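Subject: Structure handover

Hi,

Here is the structure for you to look over. My notes follow below.

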Amino acid sequence: MINIKNILCPIDFSENSYQALDFGFLLASQNKAVLHLLHTIEPVSSLRKYSLIDDRSDCMTEDYVKQEFKRFIEKFPQGIVEIVQTVTIGKPYEQILQYARDKKMDIIVIASHGWTGLTNLLTGSVTNKVLRLSEIPVLCLKSNTFSGPKGLFKQKNTQAENWVG
């Protein structure tokens, strides 16, 4: 049996990533594990090739991400799970894998599709790369298949989703 003490839950502020967060929180509480939340800000230059940039492209700043984290941390029942929040800059799949290695994560809990979910029909491009390249177990949650007992993080129409479209 795997001993789960550190869980990595990448968050891109899509509704699907909130479902993964719900599951990650439940898993952390059952295993008395630390829940690591990671958001990666992708440089604007790499997003341009997907034509996702519009005049609101500056909304995903590090300060904005920290505010979003704070908003969701407040929804956690206090004292049940230790939470670590990290913001990185780079290619999301590379940052996820690097964080998992550096911090010695036991498992990655990730949504099958994030906010760019339509670009890959079976699994999202970031999730697909994490699944293929991870050295540790990856629990991939299919869209709309899990809502925790309290649905703590079920969100709709966040600023990040508006920014994407």
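How many bridges join strand 2 to strand 3? Eight, and the two strands run parallel. Strand 2 covers residues 34–41. One of the pairs is L37 with Q85 in strand 3.

First, the ground rules. This is a predicted model, where local features need pLDDT of at least 70, side-chain atom pairs count only at pLDDT 80 or more, and totals for chains, interfaces and linings use all residues. Residues are numbered from 1 along each chain as its sequence is written, and side-chain values use heavy atoms, with hydrogens and water left out. Helices (H or I, at least four residues) and strands (E, at least two) are DSSP runs numbered from the N terminus. Strands pair if DSSP finds at least two bridges between them.

Five strands form an open, parallel sheet in the order 3-2-1-4-5. Strand 3 (82–89) and strand 5 (138–141) are the edges; each has a single partner strand, so one side of each lacks a neighbour in the sheet. Neighbouring strands are turned by 20° on average, direction ignored. Axes are lines fitted to C-alpha atoms, for helices over the stretch in contact, and angles run from 0 to 180 degrees between N-to-C directions.

**Helices on the sheet.** Contact here means heavy atoms within 4.5 Å. Helix 1 (15–31) touches strands 1, 2, 4 and 5, and its direction makes about 150° with that of strand 4. Helix 4 (92–102) touches strands 1, 2, 3 and 4, at about 150° to strand 2.

**Cores.** A nonpolar core is a set of buried Ala, Val, Leu, Ile, Met, Phe, Trp, Tyr and Cys residues joined through side-chain atoms within 4.5 Å. Buried means under 20% relative accessible area, exposed over 50%, partly exposed in between (1.4 Å probe, protein chains only). The largest core has 28 residues, and I7, L21, L35 and L37 have the most contacts inside it. Helix 1 gives the largest share, seven residues. Apart from it lies another core of 11 residues, including Y93 and M105.

**Cysteines.** The whole structure has zero disulfides (cysteine sulfur pairs within 2.5 Å). C9 is buried at 0% relative accessible area. C140 is partly exposed at 30%.

**Positive phi.** Two non-glycine residues to check. F13 has a phi of about 70°. F13 sits in the loop between strand 1 and helix 1, and is buried at 1%. K32 has a phi of about 50°. K32 lies in the loop between helix 1 and strand 2, and is exposed at 71%.

Best wishes
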